[in-house]
Amino acid sequence: MGRAYQNKKDSMAKTAGAKTKVYSKYGKEIYICAKNGGVDPDGNLALRRLIERAKKDQVPAHVIERAIDKAKGGGGEDYAATRYEGYGPGNCMIIVDCLTDNNKRTFADVRVCFTKANAKIGAQNSVSHLFDHLAIFVFDGDDDETVLEALMMADVDVTDVEVEDGKVTVFAPHTEYNNTRTALEEMGVTEFDEDLIAFVPQVEAPIEGEDVEVMERFLAMLEDCDDVQNVYHNAQF
């Protein structure tokens, strides 16, 4: 699983690194998290950890503060999470997660991207059942057995623990994110190379030739959509 995740992360980084709307993405997530769970990070664990991730991604403090201040007002937009699934170039599978205040606009924007890439939007759960929805943590270390034992003692439902090149990677069901991170922090882990929830494909779909160019253009178009938050796929470049 670890190698598959690393390959996927590397390929996704081609678009993630070029994303120009990262501030907007975090702004929406922080606003929703604060509005639903409270604006105090000390009392809203999800908000605190979201802010930590935003800072790690170099989101300016004023962007974070503005989103929280907006949530304090009690009004503002009502964003809803929506997910689109389907098949892309080379018959690879793709999941597009969005936050939107206008479902019709978002669907139209995403559908244009699929159409231009000669891709097909499928029904709900048409491909997501072939991905594992996981909490993923990567940090310095070389003893997977000790980490696994500590997590089990903390009653964390661990999916897998791997070690490679001096890095420990912990996989757990996405519902175990808070429990897993808390247990790791109690072990003394303070710095994470990766700390996220993501869809990891169970199988990969190698693509080549023109499909690679089309796929890269497809991903770039999706990332340019204002309402798109995350894109996951199983294409292997």
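Predicted model: local features only at pLDDT ≥ 70, side-chain atom pairs only at ≥ 80, totals over all residues.

Student: OK, core first. How many residues are in the largest nonpolar core?

Tutor: The largest nonpolar core has 21 residues. Those with the most contacts inside it are I94, V96, M215, F218 and L222.

Student: Switching to charges. How many salt bridges does a search of the whole structure find?

Tutor: Twelve salt bridges turn up. One of them pairs D227 with K28, with the closest N and O atoms 3.1 Å apart.

Student: Where do D227 and K28 lie?

Tutor: D227 lies in the loop between α8 and β9, while K28 lies in helix α2 (residues 22-37), so this pair ties together parts 199 residues apart in sequence.

Student: Is D227 buried or exposed? And what about K28, buried or exposed?

Tutor: D227 counts as buried because its relative accessibility is 6%. K28 also counts as buried, at 9% relative accessibility.

Student: What does E185 form a salt bridge with?

Tutor: Its partner is R49, and the closest N and O atoms are 3.3 Å apart. E185 lies in helix α7 (residues 177-186) and R49 in helix α3 (residues 45-56), so the pair ties together parts 136 residues apart in sequence.

Student: How accessible are those two side by side?

Tutor: E185 is partly exposed at 31% relative accessibility, whereas R49 is buried, with a relative accessible area of 2%.

Student: What about D195, which residue does it form a salt bridge with?

Tutor: That would be R181, and the closest N and O atoms there are 2.2 Å apart. D195 sits in strand β7 (residues 194-201) and R181 in helix α7, 14 residues apart. D195 is buried, with a relative accessible area of 10%, and R181 is buried as well, at 6%.

Student: Which residues do salt bridges that share partners join into one network?

Tutor: R49, E52, R181, E185 and D195.

Student: Let's go to the surface. Which residues gather in a patch of negative charge?

Tutor: D142, D143, E145 and E149 form that surface patch. D142 lies in the loop between β4 (131-140) and α6 (144-153), and E145 is found in helix α6.

Student: Why does D142 count as exposed?

Tutor: Its relative accessibility is 65%, and the cut-off for exposed is over 50%. E145 is exposed too, with a relative accessible area of 63%.

Student: How far apart in space are E145 and E162?

Tutor: They are 9.0 Å apart, C-alpha to C-alpha, and 17 residues apart in sequence.

Student: Last topic, the backbone. What is phi of N125 near?

Tutor: Phi of N125 is near 70°, a positive value in a residue other than glycine. Most residues other than glycine have a negative phi.

Student: Where does N125 lie?

Tutor: In the loop between β3 (120-121) and β4. At 43% relative accessibility, N125 counts as partly exposed.

Student: And what is phi of D155 near?

Tutor: D155 has a phi near 60°, again positive in a residue other than glycine. D155 lies in the loop between α6 and β5, and it is exposed, with a relative accessible area of 67%.

Notes
Residues numbered from 1 in each chain as written. Heavy atoms only, no water. Patch = residues over 30% accessible without salt bridge, like charges linked within 9 Å, V, L, I, M, F, W, Y side chains within 5 Å. Areas by Shrake-Rupley, 256 points an atom, 1.4 Å probe, with all protein chains shown as cover. Salt bridge = Lys/Arg side-chain N within 4 Å of Asp/Glu carboxyl O. Lys, Arg positive; Asp, Glu negative; His and termini not counted. Charge placed at Lys NZ, Arg CZ, Asp CG, Glu CD. Helix = DSSP H or I, 4+ residues; strand = E, 2+ residues; numbered from the N terminus. Buried < 20%, exposed > 50% of the residue type's maximum accessible area, 1.4 Å probe, protein only. Core = buried A, V, L, I, M, F, W, Y, C linked by side-chain atoms within 4.5 Å.
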